[in-house]
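These are my notebook entries from a sitting with one model.

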Amino acid sequence: MPTTAAQVKQRLRDVAVGVLTPFDKQRAIEYRKMEENARTLYDEGMRTFLAAANISEYHSLSRRERIESVETVVKAVPADACVLAGVGGSTADALELIEEYDRVGADAMMIMPPDHTYLHERGLLDYYRELSAATEAPLVPYVRGFDPSAEYLADLSRVDGVVGVKYALEDPVKLGEAIRAGDDDVIWVNGLAEPYAVSFWAEGVEGFTAGVSNFRPEVGRELFDALTEGDWERARELRDICLPYQRLRGERGQNNVLAGAISVPAVKKGLELAGLHGGEVREPIRPLPAEAADRAEAIYDELDGDIDRLID
């Protein structure tokens with residue numbers, strides 16, 4: 001039975017974990033390990049999964065690999081989980097992906113941030129309308145990498161078929177303005193993980209994407225519960241234990257001026273430290289430098305101690 005819009009909305013009111021792509025030494029995808037990661041995260045309480053997502057190295061995957069990755073996650077998790085499949089590119093390419101994702105059983109389409117050089121807010125709204133008309137699956141646009149107006153964000157929430165907006169701009173004021181002006185029935189999701197969980201929640205988000213929680217899901221579960229219960233002191237404490245690892249993810253690595261260059265390999269290192277499968281990365285991402293890997297281990301050990309202290 002297809003997942004209803006109401007069911008997807010309920011799953012967006014949660015912690016959404018990204019399913020990373022484990023590559024072997026030859027940079028081929030190890031689907032069995034991807035399946036094991038997804039199933040383990042489900043067993044540890046996660047119910048909302050982002051497949052073929054940004055953190056999955058979406059732009060380094062072929063069309064066929066995206067489809068196979070989504071199908072792998074759909075088959076790995078029971079029917080009560082919600083799998084959002086990453087969709088991007090031109091209208092024609094996006095429509096082809098949506099058709100394939102519908103075939104393999106994705107519950108919703110996460111529309112990736114636009115990668116066009118030149119954008120027009122009204123044109124973007126037309127793009128989402130075109131995609132929505134092609135599927136009964138709910139859409140969740142991912143807002144990142146450009147600086148739209150609050151008016152645009154509010155209008156986006158009113159596009160037919162849009163059930164949620166994944167907001168990943170470092171601007172809580174614009175977020176609050178958009179939420180107040182937008183559709184009351186749309187779920188706003190914090191796309192910047194644990195560091196923004198508290199401030200964005202205060203503006204009206206009802207769920208957040210995982211950072212540290214991609215490999216230590218108990219942190220995300222506890223943080224979500226604290227936010228839901230309005231226990232702000234505990235929520236801030238749980239957020240704070242995630243900050244050192246999240247700050248590591250924001251670093252540039254070696255011989256590079258671009259921020260966040262080690263974000264994905266740092267999460268893959270966290271997966272390995274947690275006993276899950278990380279694997280290699282594909283270009284244009286580079287492996288985690290040895291010095292950063294050593295610091296990741298030290299930060300992870302400290303995080304492990306904080307988890308033992310804060311979480312029964």
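**Strand 3.** I looked at both faces of strand 3 and found them covered: Cys82, Leu84 and Gly86 lie on one side, Val83, Ala85 and Val87 on the other, and all are buried. Buried here means under 20% relative accessible area, exposed means over 50%, and partly exposed is in between, with a 1.4 Å probe and protein chains only. Six of the six residues of strand 3 are buried, so strand 3 is largely enclosed by the rest of the structure. The chain reaches strand 3 from strand 2 through helix 3, and this β-α-β crossover is right-handed. I call a crossover right-handed if, with the strands pointing away from the viewer, the path from the first strand over the helix to the second runs clockwise. Strand 3, helix 4 (residues 91-104) and strand 4 form a right-handed β-α-β unit too.

**Ground rules.** The model is predicted, so I noted that local features need pLDDT of at least 70 and side-chain atom pairs count only at pLDDT 80 or more, while totals for chains, interfaces and linings use all residues. Residues are numbered from 1 along each chain as its sequence is written, and side-chain values use heavy atoms, with hydrogens and water left out. Helices (H or I, at least four residues) and strands (E, at least two) are DSSP runs, numbered from the N terminus.

**Neighbours of strand 3.** I counted two strands as paired if DSSP finds at least two bridges between them. Strand 2 (residues 48-51) and strand 3 (residues 82-87) run parallel and are joined by four bridges. Leu50 has Leu84 as its bridge partner in strand 3. On to strand 4 (residues 108-111): strand 3 pairs with strand 4 in the parallel sense over four bridges, and there Leu84 has Ala108 as its bridge partner.

**Strand 1.** Which way do the residues of strand 1 point? From strand 1 (residues 15-18), Val15 and Val17 point one way and Ala16 and Gly18 the other, and all are buried. Strand 1 pairs with strand 8 (residues 207-209) in the parallel sense over two bridges, with Val15 opposite Phe208. Strand 1 also pairs with strand 2 in the parallel sense, over three bridges, and Val17 has Phe49 as its bridge partner there. With helix 2 (residues 31-43) between them, strand 1 and strand 2 make a right-handed β-α-β unit.

I then followed the strand order: eight strands form a closed barrel, 1-2-3-4-5-6-7-8, with parallel pairing. The twist averages 25° from one strand to the next. Helix 6 (residues 150-157) packs on the sheet and touches strand 5 (139-143), strand 6 (164-167) and strand 7 (187-190); the direction of helix 6 makes about 165° with that of strand 5. Contact means heavy atoms within 4.5 Å. Axes are lines fitted to C-alpha atoms, for helices over the stretch in contact, and angles run from 0 to 180 degrees between N-to-C directions.

**Aromatic rings.** How many aromatic pairs are there? Rings of Phe, Tyr and Trp (its six-membered ring) pair if their centres lie within 6.5 Å; planes under 30 degrees apart count as stacked, over 60 as edge-to-face and the rest as tilted. By this rule I get seven aromatic pairs. Phe146 and Tyr152 have ring centres 6.2 Å apart and planes at 70°, so they are edge-to-face. Both Phe146 and Tyr152 are buried. Tyr196 and Phe200 have centres 5.1 Å apart and planes at 50°, so this pair is tilted. Phe200 is buried at a relative accessible area of 0%, whereas Tyr196 is partly exposed at 23%. Ring pairs link Tyr167, Tyr196 and Phe200 into a cluster.

**Charges over rings.** A charge sits over a ring if NZ of Lys or CZ of Arg is within 6 Å of the ring centre and within 35 degrees of the ring normal. The charged end of Arg66 sits over the ring of Tyr58, 3.8 Å from its centre. For Lys166 over the ring of Tyr142, I also noted 3.8 Å.

Most residues other than glycine have a negative phi, and most peptide bonds are trans. Ala52, not a glycine, has a positive phi of about 50°, and Ala52 is buried at 2% relative accessible area. Glu57 has a positive phi of about 65° and counts as buried at 3% relative accessibility. Glu57 is found in the loop between strand 2 and helix 3. A cis peptide bond joins Glu283 and Pro284, with omega about 15°.
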